[in-house]
Structure formats: C-alpha cells, structure tokens
Amino acid sequence: MSTTEDHPTEQIDQVVVRFAGDSGDGMQLTGDRFTSMSAVLGNDMATFPDFPAEIRAPAGTMAGVSAFQVHISDHDILTPGDAPNVLVAMNPAALRANLGIMPKGSTLIVNADAFDDRSLTKAGYQENPLTDHSLSAFTVYEVPMTSITQEVCKEAGVKPRDAERSKNFFALGLVSWLYTRPIDPTIEWITKRFADHPQVGEANTRALRAGYDFGETAELFESNYEVRPAHFEPGEYVNITGNTALAWGLIAAARQAGLPLFLGSYPITPASDILHELSRRKEFGVRTFQAEDEIAGVGAAIGAAFGGALGVTTTSGPGLDLKSEAIGLAINLELPLLIVDVQRGGPSTGLPTKTEQADLLQAMYGRHGEAPLPIVAAKTPSHCFAAAIEATRLAVKYRTPVILLSDGYLANGAEPWRLPEVADLPVIEPNFATEPNHTEADGSSAYWPYVRDPETLARPWAPPGVPGLEHRIGGLEKADGSGNVSYDGLNHEQMVHLRAAKVAGIARDIPLTALDDPSGAAEMLVIGWGSTYGAILAGVKRMRARRGRDVAHIHLTHLNPFPADLGEILARYDKILVPELNGGQLWRMLRAEFLVDATALSKMQGTPFRPVEIEEAILEMLGGTT
Amino acid sequence: MTTTAVPVTTRKDWSSDQEVRWCPGCGDYSILAAVQMLLPDLGVRRESTVFLSGIGCAARFPYYMNTYGLHSIHGRAPAIATGLATTRPDLDVWVVTGDGDALSIGGNHLIHALRRNVRITILMFNNQIYGLTKGQYSPTSEVAKVTKSTPFGSVDAPFNPVSLALGAEATFVARTHDMDRAHMQETFRRAHEHDGAAFVEVYQNCNVFNDGAFAEITGKEVRSDMLIPLHHGEPIRFGAESQRGVVQRSDGRLEIVDVAEVGEGALLVHDEQRADPGLAFALSRLANGPHQPTPIGVFRSVERSEYGEEMERQITVAQDRRGVGDLATLFRSGSSWTVD
C-alpha cells in the first residue's frame with residue numbers, strides 16, 4: 001500500500017516514539033494527541049509521560065527537558081517499550097538528555113533551528129552534535145521546524161515570536177505523516193480547544209499541516225510507515241490514564257454501594273488529577289473538599305465516613321506520612337475509609353514527577369501500634385478502575401481503612417480500556433445497622449458499636465440519624481462489644497488480635513493466586529506487584545518465546561492479606577525473582593512471611609522497568625547468557 | 001430525617017451512662033451541665049446531634065453525651081467535622097475543644113473551618129494551660145507563666161482567641177465563662193442558631209494546674225465591674241450601676257470611660273451584625289488578659305453562605321444541567337471507538 005508514488009508505505013508491527021523538548025514546548029500535549037490519533041486507528045498502545053518537577057525550568061537546559069513516550073502496535077503490548085525507535089528532539093538539551101536511551105540505528109528527528117551556539121552551550125555541548133559526526137550511529141533528520149512554522153504562520157498574521165510556540169504541532173504533523181496518522185481529528189480538536197483564541201488555533205493548524213506536508217514533499221524520508229490496528233476483543237474502548245480510571249472507579253464504587261462519595265484531598269503530584277477529575281463530576285453527587293492540608297483531607301474523609309458516606313483521601317508519599325495518625329484513628333474507629341497513594345520517588349520530596357514503588361512497607365507498617373489494614377495495588381492504568389472498586393468493597397464490608405497503591409507511571413500512563421458493562425459491576429452492600437443489637441441485664445435493648453459479625457469480624461456501621469443507636473467511638477481503646485473506653489490490658493490484647501484477625505480473614509474473600517505457569521513445571525517464578533506488571537509479563541513472555549525457557553509469573557493485586565494459597569505456591573519454586581521499583585519491599589515481606597529464599601531485582605531510577613531488564617535478570621538467575 | 005414531633009426530653013436523656021471523670025471542681029462540669037440542660041430547650045433530637053472532639057480534658061465531652069459522638073485525635077476535630085457536616089446537613093454538629101487542641105496543634109484546621117463557614121458549633125474551653133498532659137503552658141498562657149515546661153517563665157506571646165477567630169473571617173464569634181450558666185446557655189443557644197461556623201470561647205477554670213486564672217474577672221463579687229456584657233443594638237456599658245461604658249475615639253480607638261463623664265449618648269452601640277469585623281476586633285483587644293474589664297457575649301454574628309450548602313448547590317446545578325450522573329455516559333465522555 002502506498003500513499004503517494006514517491007513514498008512507499010511500509011508495514012511495521014510496532015513503533016516507539018519519544019517526543020522531547022523544553023517544558024514549555026508542549027511535548028506532553030503533542031504526545032497525547034499522537035496517542036489519541038493512534039487510538040482512533042485501533043492500535044494498541046502504552047504511554048509514558050516523563051517530565052520534570054519544575055513547571056518551567058530555565059529554557060533550553062537539561063533540567064527543563066520534558067518527554068512523552070508512546071508505544072503503538074498492531075498486537076497486544078504491555079509497556080511503553082524497551083527503547084524508542086524514534087526520538088523527536090526540539091532542542092539540543094532534549095537530544096542530549098535522551099540520547100543515552102536511544103539504540104544504535106534508531107531515528108532522530110531534530111529541530112535544526114534550535115541548534116545555535118547559545119542553545120548548544122546551555123545544553124552542555126562543546127561541539128554541535130549535528131556536525132561533529134557523533135551521531136553517526138543514528139539516522140538523523142534535521143528539520144528546520146521553527147523557521148518553517150514561523151513562515152507558514154506569517155500569513156495568519158501571527159507574530160514570529162508567537163508562531164514559534166506552534167512548532168510542536170509542526171513536529172506532530174511530521175510524525176503523523178511518518179506513521180500515517182490522520183491529522184483531521186487533531187485539527188478538529190485544535191478548533192475546539194482554541195475557540196476563544198482563533199488566531200492561536202489557526203497558527204497551530206497551519207503548523208500541523210506544514211509538518212505533515214513537509215514529510216510528504218521534502219524528499220527527506222524514504223518511506224513512511226503504517227501500524228495496522230491491533231486485534232482487540234470486540235467492544236467499546238477508550239484510551240485512559242491511571243488517574244482518570246481511578247477517579248471513575250471511585251465514582252462507580254460509590255454508585256455500586258449506594259453511598260455518597262466524599263473526597264478530602266490536598267493537591268500533590270502525581271495524585272492531583274484524581275481530585276481534578278472528581279471535582280468535575282458533580283452530577284454524580286460527588287463532594288470534593290480541597291483541604292487546608294493532608295491531615296484535614298483524611299480527617300474530613302473520616303468525618304464523612306462516620307456520617308455514612310464513602311470517605312476517600314488521595315495523596316502521594318509525603319502526604320501519606322502526614323495522614324498516618326488519622327489512618328490509625330480509622331483503624332480504631334473501624335470505619336470504611338479509602339486512602340489512595342499514588343507513589344513517587346522518595347524519601348521526602350524526592351522525585352515528585354518520577355515513579356517508584358517504595359511505599360509498600362509504609363502502607364503495611366507505617367503507623368504506631370499494631371495497626372494492620374488491607375492493601376490493594378493497581379497493575380495497569382486501566383486496572384486502577386477495578387482496583388478502586390475492590391478496595392472500596394473491602395473497606396465497606398470489613399469497616400476498615402484500605403490503602404490503594406498506584407504510582408506515577410500508572411497515574412499518567414495511558415492504555416486502551418474496554419468499557420465494562422455497568423450491569424456487570426459488583427454490588428457493594430453497606431449493611432447499615434438499623435436496630436439495637438444488645439440486651440442489657442435489665443432486659444432493655446441497647447446498641448453496642450463493637451459487636452462483631454462472626455464471619456467477617458466487622459463491627460456494625462451506624463451513621464447518626466437513627467434513634468436508639470446513639471453511640472460514642474474514638475481513638476481510645478474500646479471494650480470488646482460495648483465499645484466503651486477500656487484501659488484493661490487483657491481487653492486491649494483481645495482487641496489487637498480481633499483487628500488483626502479481621503484483616504487476615506480477608507484472605508478468604510479474595511481470589512486465590514493467579515499463577516501463570518503454562519507447563520506447571522517452570523524452572524523459576526517471577527513475582528511482582530503494581531505497575532511492573534507489563535514489563536515483567538513482557539520479560540517472561542520473551543523468555544518463553546525467544547529462548548524457550550520455562551518461567552512462571554505471579555502478579556499480586558492484594559498485598560495484605562496475601563492470597564490464601566500464596567505460601568504453598570511459592571514453596572514449589574526453588575528460584576524466585578521479585579522485581580520491584582524499590583529496595584526490595586515485597587521481597588522482604590515474602591521472605592518474612594513464607595521463609596522463601598527469594599531474590600530481589602531492584603530499580604530506583606524514577607523510570608519503569610524495561611522488559612529487557614527483567615529478561616536479563618531471569619537469564620542470570622537461570623545461569624544462561626544474554 | 002423524621003417528621004414526627006421532637007420528643008420532650010430532660011437533662012437525663014442527654015446524659016450518657018458513663019461516669020464523668022474530670023477532676024473534682026473542674027470548670028468542665030458546669031459547662032457539661034449547661035449544655036445538657038440547654039439541649040432539651042433547643043428543639044433538637046438526640047439521634048441528629050453529634051459531639052466531636054480532639055484530644056485534651058475538654059475532648060472527653062462526647063463520652064458524657066447520650067448522642068452520637070466521636071472522640072478523635074489531637075487538633076483535628078474541625079477537619080473531621082467539616083467532612084461530617086458537609087455530607088450530613090441534617091445533623092447538628094458540635095465541636096468541643098480546648099486552647100491547646102484548637103489553637104496549637106489544630107490551629108490550622110480551626111481557622112480554615114471558620115473561613116469556610118462550615119455549619120459547626122465550636123465550643124473552645126480556654127483554661128490557659130495543658131491539663132491532660134499535666135501542666136505545661138498553652139498558646140493562651142500569659143507571658144512569664146511558670147509551668148513544668150517553662151520553669152523560668154514562658155516567653156511566648158499568647159493568642160487572643162476571639163481576635164484570632166475574627167481574623168480568620170469567622171461569621172459568629174462569642175465569649176462566655178464557666179461561672180455563669182445562664183450566660184453560657186444564652187451564648188450556646190445563639191451559636192447553635194447560627195447558620196455557619198460558630199466559635200465560642202469559654203473561660204474555664206482548671207483548678208488543678210491553673211486555679212483562679214479568671215477569678216479576677218469572673219468571680220461573683222467582681223463580675224459586674226470586670227465583665228463587659230455585649231448586647232446587640234445597645235450601648236456598651238457595665239459596672240454594678242452600669243456606671244462605666246465604652247466609647248470610640250476619633251482615631252478609632254476604643255476606651256473605657258465613666259458614663260457620667262461622657263454622657264450616655266456618647267457610648268458605643270454594639271452592632272454584632274456589622275459587615276466589617278474591625279470594631280468587633282477592637283472590642284476583643286479591650287482587655288489584655290483576664291485582669292482587665294473584658295467583653296463577653298456575641299462579638300460578631302453575620303450571615304454568609306454556608307460551606308456545605310454551597311457544595312450542595314453546585315451538585316444541584318450540575319444535575320439540573322447534565323442530569324443525574326450515569327456511569328455509561330461517564331465512560332464515553334471522551335472519545336471512544338468500537339472494535340467489532
């Protein structure tokens with residue numbers, strides 16, 4: 001198939017494109033548009049926005065480089081790709097910051113206009129890499145993006161300085177041509193988005209067209225490429241980020257439980273988009289409360305839960321630190337509460353915009369006293385939806401705070417999501433208390449807030465408003481049953497055991513381990529949790545397909561309690577690899593819980609695993625060579 | 001929730017079966033009694049009443065009320081109450097707190113609950129000391145106070161809670177004291193009626209760690225000369241013969257004068273509904289600690305939209321405009337595509 005006589009169109013099965021530029025260059029937007037157009041074409045895709053914490057670091061410097069990587073494919077893909085096939089670099093700093101991850105032979109499309117002496121110096125280049133032959137291992141296309149953009153915008157009456165800002169659309173147009181993406185949907189999008197600033201819209205449209213036409217006519221490129229639609233299960237799809245999926249999961253969970261949704265939250269990267277999304281959805285009766293601080297966010301959620309709402313707080317690591325005391329209170333109150341932690345690099349402020357999985361032990365143990373709670377972790381951007389519903393189910397059924405772990409990679413990454421049927425979503429029963437549950441010695445009836453359900457060990461939930469169920473709860477230790485304040489040592493020990501048994505008993509209410517071991521006799525097991533799912537599965541599949549090695553895989557969604565049969569399954573394998581974006585936290589938990597000799601694979605670079613890293617670690621463990 | 005008539009109750013109905021465990025002689029007892037005896041007169045229901053607290057002696061209050069109650073963690077009660085009051089506008093939410101709980105560890109939550117005007121009634125028992133932790137100075141303790149943690153005297157300048165609340169945009173600010181049940185009840189009644197955040201400072205004697213802190217102004221014999229009752233629309237005057245009063249000088253300063261010298265017409269007429277909180281603030285600065293004639297009563301009571309109502313209004317508007325939320329529609333709010 002060909003688009004023009006001069007330019008044959010080549011079929012490829014996948015491509016990884018990385019757009020990189022200054023923070024102010026609009027690279028996230030460019031990548032996002034490219035992704036949307038690919039979704040329309042029916043490709044499978046995975047995205048990885050990678051941007052600095054600074055809103056506008058000094059222009060042209062390495063610190064200010066913002067990138068967006070998108071992997072599009074005609075088959076089921078699991079990650080944003082091992083390494084990009086194409087890098088679009090809007091300036092020298094973007095080239096220099098990303099060159100290290102570009103494989104030899106890959107393609108570099110650079111904005112040649114930006115390679116002046118001043119910009120080269122800012123990026124730390126002594127020599128111009130476009131002329132000193134240092135890029136000879138790559139296919140380099142030098143495109144004067146800025147000057148062409150300024151030229152085509154002149155007719156629209158846009159000043160050159162303003163026109164310069166449209167050059168990201170030129171880059172988008174060029175890459176759209178290169179990978180045969182239609183530009184009409186983006187033109188429509190521009191028209192809508194810039195309806196109030198028609199001149200800016202016009203400049204962007206002209207730049208987009210100019211980029212597309214440049215590819216078509218410039219004789220620079222030998223061919224362009226087509227990535228065919230992937231094979232998807234029939235159904236309706238949207239492209240969704242983890243934060244949006246999580247927000248929608250909360251709305252759906254509240255709906256399915258028949259509870260009003262209350263979010264108490266303080267803005268924090270990379271969790272804020274959940275607050276933003278929920279605050280837009282008032283037609284669902286969602287109340288969003290931007291609190292004065294992290295503590296007030298969780299406090300208000302506890303107050304809402306006491307009143308019979310689904311109380312949720314969303315945060316990232318530093319905020320989770322601040323919420324610890326209130327979470328402990330919720331454990332004692334035994335009220336449903338959802339704490340969403342979108343993890344980022346730590347400790348302290350750490351790497352606000354970079355991903356990490358290093359809050360697992362904090363979720364598990366980060367409170368004073370014996371304070372267990374259930375932990376659920378999402379594994380892909382779209383899985384954040386189901387994970388939010390599952391976390392809510394456990395919180396409501398067991399009257400307990402639940403920590404739901406996401407991370408920066410899931411939060412901002414996107415993938416196609418097959419829309420569920422609303423009728424198929426699980427129903428959550430709040431089962432509010434309606435009547436007294438205790439008979440006093442004198443025969444009168446009373447309501448005791450700490451009488452437990454014999455099966456779940458959950459206490460009743462009696463929001464204010466029901467006559468006869470008036471009761472007082474609080475952070476002081478409660479007498480088993482009556483819930484009155486009790487300083488009795490034996491009662492305290494009993495309550496500690498009861499709270500622990502309640503959480504441990506959830507193991508009976510979650511699925512058994514989903515073991516992926518096709519032969520049933522794998523040489524080793526790789527076990528992970530959270531956002532490493534795609535990379536681990538891709539690494540394992542490659543070991544099987546390309547190297548014929550028999551490797552099993554488990555990916556945990558429930559981190560506390562573990563599935564009931566996990567220990568028994570782990571015991572079957574002599575070699576267990578635990579890849580994590582932390583120093584070995586699940587690894588430590590597995591060793592402590594099951595006395596297995598597992599091996600940790602740690603990465604703490606602010607970026608997700610690449611499948612090849614998993615592959616190499618497996619190979620090393622199996623004693624093979626790469 | 002229910003439409004039946006509010007049952008007739010007595011103090012006993014509002015008292016829980018828990019033994020009250022404040023130190024004998026503590027001012028908290030009289031405040032508890034004032035509240036328990038007032039509630040039967042307010043036309044409210046036990047099941048629709050919630051007492052919320054943080055940590056401290058005052059924070060034990062909910063355990064003694066036969067209502068719904070939550071004894072939470074230090075300083076956080078206003079934040080917890082915000083979540084409850086905004087999701088349950090049908091409830092009466094009372095926050096009972098102390099000077100350490102509200103002004104030290106929880107200062108941030110207090111000022112934000114006040115500026116947002118959340119419908120909660122905050123009773124802050126001010127005894128100018130930490131009682132539960134056994135005698136350290138508090139954010140309202142006077143400079144040079146000698147306590148366990150300040151053996152050489154405190155060097156911290158104290159907060160004036162009424163000034164602080166007014167500065168935090170509070171719409172209702174009042175002060176009362178534990179020696180006058182009728183005044184407490186009238187003040188609490190006004191606070192409860194207020195549609196928004198109501199802040200009441202209650203001077204409260206801690207007879208163990210700070211005995212007599214307010215005796216110079218609240219003692220029965222001295223009260224008429226040392227307390228300046230504020231009544232809306234009336235000239236501000238006090239003294240056994242109402243012989244003293246407050247005037248505003250041309251530079252805006254407030255001053256205590258003999259009525260005989262200036263004439264009754266010169267007295268400042270109290271206006272709790274003034275939009276500008278400046279005059280209320282000036283009144284709060286009349287006394288620099290409980291050793292000088294001190295205004296009590298309602299300093300400010302103005303109307304401003306209530307936080308939970310505003311939240312509710314936005315929901316109603318969104319539902320009127322877009323219809324009640326539908327999940328299937330939500331899922332398709334971006335662009336979707338179909339695979340056959």
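Tutor: Happy to! Let's begin with a term: angles under 35 degrees count as roughly parallel. Keep in mind too that this is a predicted model.

Student: Okay, so at what angle do α11 and α12 of chain A pack?
Tutor: Helix α11 (residues 294–306) of chain A packs against helix α12 (residues 317–333) of chain A at about 25°, and their axes are 8 Å apart. α11(A) and α12(A) are therefore roughly parallel to each other.

Student: And which hand does the crossing have, left or right?
Tutor: The crossing of α11(A) and α12(A) is right-handed.

Student: Which residues make that contact?
Tutor: From α11(A) there are A:E294, A:I295, A:G297, A:V298 and A:I302. From α12(A), A:G319, A:L322, A:K323, A:A326, A:L329, A:A330 and A:L333 take part. The residues of this contact between α11(A) and α12(A) comprise eight nonpolar, two polar and two charged.

Student: Switching to sheets: what's the order of the six strands in the open sheet of chain A?
Tutor: The order is β3-β4-β2-β5-β6-β7 (chain A), and the pairing is mixed. At the edges sit β3 (44–50) and β7 (139–143) of chain A, each pairing on one side only. From one strand to the next, the twist averages 15°.

Student: How many bridges join β3 to β4 in chain A?
Tutor: Seven bridges link β3(A) with strand β4 (residues 65–73) of chain A, and the two run antiparallel. As an example to find on screen, A:F48 has A:Q69 in β4(A) as its bridge partner.

Student: Which helices pack on that sheet?
Tutor: One of them is helix α4 (residues 145–154) of chain A, which touches β5 (86–89), β6 (107–111) and β7 of chain A. The direction of α4(A) makes about 50° with that of β6(A). Our friend α6(A) packs on the sheet as well, touching β2 (14–22), β5, β6 and β7 of chain A. The direction of α6(A) makes about 150° with that of β6(A).

Student: What about the open sheet of five strands?
Tutor: In chain A the order there is β20-β22-β21-β24-β25, again with mixed pairing. Its edge strands are β20 (515–516) and β25 (599–602) of chain A.

Student: How do β21 and β22 of chain A run, parallel or antiparallel?
Tutor: Strand β21 (residues 524–529) of chain A and strand β22 (residues 551–556) of chain A run parallel, joined by six bridges. A:V526 stands opposite A:H553 in β22(A). Helix α17 (residues 533–547) of chain A packs on this sheet, with a direction at about 170° to that of β22(A).

Student: Last one: how many helices and strands does chain B have?
Tutor: Chain B has twelve helices and twelve strands. Its radius of gyration is 22 Å, close to the 20 Å that the globule rule gives for 340 residues, so chain B is as compact as a globular protein of that length.

Definitions and conventions: Residues numbered from 1 in each chain as written. Chains lettered and ligands numbered in written order. Predicted model: local features only at pLDDT ≥ 70, side-chain atom pairs only at ≥ 80, totals over all residues. Heavy atoms only, no water. Pairing = 2+ DSSP bridges. Helix = DSSP H or I, 4+ residues; strand = E, 2+ residues; numbered from the N terminus. Contact = heavy atoms within 4.5 Å. Axes fitted to C-alpha atoms, helices over the stretch in contact; angles between N-to-C directions. Rg over C-alpha atoms; globule rule 2.2 N^0.38 Å. Parallel < 35°, antiparallel > 145°, perpendicular 65-115°, else oblique. Left-handed = near helix turned anticlockwise from the far one by under 90°. Nonpolar A, V, L, I, M, F, W, Y, C, P; charged D, E, K, R; others polar.
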